[in-house]
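This report covers one protein chain, element by element. The sequence and the model come first, and the description follows.

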Amino acid sequence: MMGTSFLSADRARSPPVKVLSSQLREGKECQTASGKSEYIIRRLGPGEPRSLQVSVVWMQGTVLEVQSDHNTVLILDETGNFVVSGINSVPKGKPCLSPGKYVMVMGVIQSHSPEPLLRAVKMADLSENALIHRKNWIYEVEDLQQILP
């Protein structure tokens, strides 16, 4: 179950969008009419380049380093590193946080440069079928981004 603070503070946000760390790194920050930060990224896939506005994302990758004392974890996806903060507050998040584990993270973007930084909302261990998850991830990201308006 997601924390009450996420639900109340972020109720107006769009659902999470599957993205790669490189998309966030290359993205641009913008402000919504209500003053919230969002990020404009380039969609994956064929055809003419189109942009997509995101604030809550779903990312997957391999845990490289856990810093519990700093409440962060460093994760590597197919395109580079990203940092996730707030790991000590995520229910059931800690068991999947050891180097080498393949995990999914849903979180709110805090920064995109020099490395993407997310505030974790949900984490899950996907290590049991890591090969399948890792192999299909880029296709899942591209498919979703192509069908979003």
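Where is the kink in helix 3 centred? The kink is centred on N136 and amounts to about 40°, the bend at a residue being the angle between axes fitted to the seven residues ending there and the seven starting there.

## Basis

This is a predicted model, in which local features need pLDDT of at least 70 and side-chain atom pairs count only at pLDDT 80 or more, while totals for chains, interfaces and linings use all residues. Residues are numbered from 1 along each chain as its sequence is written, and side-chain values use heavy atoms, with hydrogens and water left out.

## Overall make-up

The chain has three helices and nine strands. Helices (H or I, at least four residues) and strands (E, at least two) are DSSP runs, numbered from the N terminus. In order from the N terminus, the elements are α-β-α-β-β-β-β-β-β-β-β-α.

Of the 149 residues in the chain, 41% are buried. Buried stands for under 20% relative accessible area, exposed for over 50%, and partly exposed for values in between, with a 1.4 Å probe and protein chains only. Among contacts (heavy atoms within 4.5 Å) with a separation of 6 or more, 60% are between residues 24 or more positions apart.

## Helix 3

Helix 3 covers residues 130–147, which makes 18 residues. From its first C-alpha to its last it reaches 25 Å, close to the 26 Å expected at 1.5 Å a residue; the expected span is 1.5 Å times one less than the number of residues.

The buried residues in helix 3 are A130, W137, V141 and Q145. An α-helix has 3.6 residues a turn, so residues three or four places apart point the same way. The buried residues of helix 3 pack against strand 1 (17–18), helix 2 (21–25), strand 3 (37–42), strand 4 (51–54), strand 5 (56–67) and strand 8 (102–111).

Eight of the 10 residues of strand 8 are buried, so the strand is largely enclosed by the rest of the structure. Strand 8 pairs with strand 5 in the antiparallel sense over seven bridges; two strands pair if DSSP finds at least two bridges between them. M59 stands opposite V105 in strand 8.

Strand 8 is also joined to strand 9 by eight bridges, again antiparallel. These two strands form a hairpin with five residues between them, and S111 stands opposite L117 in strand 9. P114 lies in the loop between strand 8 and strand 9, and the peptide bond from S113 to P114 is cis, with omega near 0°.

## W58 and its contacts

W58 is in strand 5 and is partly exposed, with a relative accessible area of 26%. Leaving aside neighbours within four places in sequence, W58 is in contact with P16, V17, K18, V19, M104, V105, M106 and W137. W58 and V19 are 39 residues apart in sequence, yet their C-alpha atoms are 6.4 Å apart.

## Salt bridges and cysteines

Side chains of opposite charge can pair when their charged atoms come close. The count of salt bridges is two, each taken as a side-chain nitrogen of Lys or Arg within 4 Å of a carboxyl oxygen of Asp or Glu. In one, E140 pairs with K18, with the closest N and O atoms 2.9 Å apart. This pair links distant parts of the chain, with E140 in helix 3 and K18 in strand 1, 122 residues apart. E140 is partly exposed at 27% relative accessibility, whereas K18 is buried at 16%.

The other salt bridge joins K101 and D125, whose closest N and O atoms are 3.2 Å apart. K101 is in the loop between strand 7 (80–85) and strand 8, and D125 is in strand 9 (residues 117–125), so the pair ties together parts 24 residues apart in sequence. K101 is partly exposed at 25%, and D125 is partly exposed at 36%.

There are zero disulfides, the criterion being a pair of cysteine sulfur atoms within 2.5 Å. C30 is buried with a relative accessible area of 18%, and C96 is buried with 3%.

## Backbone at N71

Most residues other than glycine have a negative phi, and most peptide bonds are trans. N71 has a positive phi, near 65°. N71 lies in the loop between strand 5 and strand 6 (72–77) and is partly exposed, with a relative accessible area of 24%.
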